[in-house]
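Biologist: I would like to learn how to read a fold from its coordinates. Can we take one feature at a time?

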Amino acid sequence: MPAPLRLAFLGCGFITRVHSRNLRRLGRRHIVPSYASRDRARAEAYCARYGGAGSYAGYAAAIADPAIDAVVVAVPPAFHFDLTMRALEAGKHVLVEKPAFPLTAEYEAAAAARDRAKRVVLVGENDHYKPLAVELRRLLARGVIGDMVFAHFVTIARRFKTADDWRNDESIAGGDAFFEEGIHWLHFAGSLGPRIVRIEGIRPKPSERGGDRRAKSMMVAFQYDNSAAGALYYSREVPSLLKGMRQSKIFGRAGIITFESNGLFILARGRGLPRFVWPGITDFRGYRAMYRDFLGAIRTGGQPEMSLERAMEDQQLMDQVYASL
């Protein structure tokens, strides 16, 4: 059996907790984590909590350690590019959280650095790997609903950030709520088989009340390369059932696929008998599948599904959305 990948998290915040819980379920025989933070005590606490191999008082120390094979860039987006480039220059593989970079030019520079270093870079779009996305891709590829006509995606919840949250500072977050989190849903809408070729956004006037000062709602309309039309409704200020449960639909000339937006269920009515699909909760958010892809690409020398090039396509769509406002 190959030696486990020695992985260092750069940043010890919420998303590192999420990754670490999933890595623990994946097993130490595959990936052994370590933790780096500007606060040494915080790194030590994460190391103890998640069974890490070591801790570092700063990101530079983890990047410089020859015992580390790869890093996870898990800090706010404004710092992603610098840490990714430094890690590649040190010969490390990189998993960088999404949105990876605010600018398309930074994706291009990171891809060039990746190629020079002959290393793997995966952009942490876990939604690409979750069972819901995998099953929807399978159903559409099989033509269960015939020719696709419309796609209607809804992700609405009331989830305010506190006034001191770094996401309230666009210079750190890279943009508003749709840029920082909605990009996951934009990728989901464009990753089911047909590709988005035209897109524009409509953003309601932001609320001036409360501590969460970001623009928190966006509607985007788009057209796929199969001529189907789509719309994505995103908000983090509208009340919803169970703080986020919503239905989305894909309409075809032979049927309709209805699914809970987060992945709880799929109901497909079209060619053949109606089918109710429970995508599964074992890896509900797709993190373990994402890490398996990262590990597989490192061991084979190939490209992961969520490569820099694939993530750059999402960034280019995002650029078009904001240019249209």
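Biologist: Which residue follows helix 6, and is its phi positive or negative?

Modeller: This is a predicted model, so keep that in mind throughout. G143 follows helix 6, and its phi is positive, near 70°.

Biologist: Which residues of helix 6 are buried?

Modeller: Burial is read from relative accessible area, with under 20% as the cut-off. Helix 6 spans residues 131-141. Its buried residues are P131, L132, A133, E135, L136, L139 and L140. Note that E135 is on that list.

Biologist: What covers the buried residues of helix 6?

Modeller: Look for the elements in contact with them. The cover includes one helix, helix 8 (177-189). It also includes strand 11 (247-252), strand 12 (255-260), strand 13 (266-269) and strand 14 (275-277).

Biologist: How many helices and strands are there in the protein?

Modeller: Ten helices and 14 strands.

Biologist: Why does the radius of gyration agree with a compact globule?

Modeller: Compare the value with the globule rule. For 325 residues the rule gives a radius near 20 Å, and the protein has 20 Å, so the two agree. The C-alpha atoms fill a box of roughly 55 × 50 × 35 Å along the principal axes. Buried residues make up 55% of the 325.

Biologist: How far apart are the mean positions of the positive and negative charges?

Modeller: Average each set, then compare. The 47 positive and 34 negative charges have mean positions 7 Å apart.

Technical notes:
Residues are numbered from 1 along each chain as its sequence is written. This is a predicted model: local features need pLDDT of at least 70, side-chain atom pairs count only at pLDDT 80 or more; totals for chains, interfaces and linings use all residues. Side-chain values use heavy atoms; hydrogens and water are left out. Buried means under 20% relative accessible area, exposed over 50%, partly exposed in between (1.4 Å probe, protein chains only). Helices (H or I, at least four residues) and strands (E, at least two) are DSSP runs, numbered from the N terminus. Contact means heavy atoms within 4.5 Å. The radius of gyration is taken over C-alpha atoms; the globule rule is 2.2 Å times the number of residues to the power 0.38. Lys and Arg count as positive and Asp and Glu as negative; His and the chain ends are not counted. The place of a charge is taken as NZ of Lys, CZ of Arg, CG of Asp or CD of Glu.
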